[in-house]
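Please look over these notes on charged side chains before we discuss the model. They are set out as numbered points.

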Amino acid sequence: MRIIFIRHGMTAGNAEKRYIGITDEPLSAEGISYIARKKYPPADIAVTSPMRRCIETAHIIYPDIVPVICDKLRECDFGDFEGKNYAELNGNAAYQHWIDSGGEDIFPNGESPRDFRRRCVEGFLGTVKNYGEKDVIAYVVHGGTIMSVLSVLSERSYFGCHRDNGCGYVTEWDGRRLIITEEI
């Protein structure tokens with residue numbers, strides 16, 4: 001089975017390099033324009049997170065497909081860091097502690113990266129099980145969601161799976177592992 005992962009288009013918060021997890025931002029004009037110009041592989045079904053930026057991106061890329069919403073594929077809850085960028089968090093002791101942990105400690109008043117990865121993988125596996133009769137499934141989701149699923153189910157590290165807005169991967173799913181075959 002072919003699995004396509006596409007990170008949603010750019011939002012205003014993404015352009016400012018903010019931690020945008022639970023904030024339900026729409027795509028920016030720049031994000032819409034980029035997605036509309038770029039070519040994406042065809043799919044039989046599109047699965048998205050419930051966040052507006054993912055649903056809007058899926059509608060632009062796959063206008064004839066009604067996306068399936070999977071709540072478990074939503075972005076991480078960044079807690080106290082939500083909506084802030086590095087410059088605004090510079091000097092914050094809790095942020096420095098999180099950085100020093102290699103990004104593994106729980107976000108203050110937010111979600112644990114370990115729980116986030118587990119949730120994303122559960123969402124992926126559940127939708128693959130439900131729609132496994134399809135030849136090609138496109139996941140139009142968040143960067144962190146893609147990084148979580150691929151870091152657990154492929155040979156890449158979490159940060160080695162990062163993609164810019166509107167970019168992603170084409171993979172093959174063998175029932176146990178994802179094999180990356182192409183970058184989008």
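1. Glu 16, Arg 18 and Glu 88 are joined in a network of salt bridges. A salt bridge here is a side-chain nitrogen of Lys or Arg within 4 Å of a carboxyl oxygen of Asp or Glu. The structure holds 12 salt bridges.

2. This is a predicted model, in which local features need pLDDT of at least 70 and side-chain atom pairs count only at pLDDT 80 or more, while totals for chains, interfaces and linings use all residues. Residues are numbered from 1 along each chain as its sequence is written, and side-chain values use heavy atoms, with hydrogens and water left out.

3. Glu 122 forms a salt bridge with Lys 72, with 3.1 Å between the closest N and O atoms. Glu 122 lies in helix 6 and Lys 72 in the loop between strand 3 and helix 4, so the pair ties together parts that are 50 residues apart in sequence. Helices (H or I, at least four residues) and strands (E, at least two) are DSSP runs, numbered from the N terminus.

4. Glu 155 and Arg 177 also meet in a salt bridge, at 3.1 Å from N to O. Glu 155 is in the loop between helix 7 and strand 5, and Arg 177 in the loop between strand 5 and strand 6, so this pair links parts 22 residues apart in sequence.

5. How exposed are Glu 155 and Arg 177? Glu 155 is exposed, with a relative accessible area of 72%, whereas Arg 177 is partly exposed at 26%. Buried means under 20% relative accessible area, exposed over 50%, and partly exposed in between (1.4 Å probe, protein chains only).
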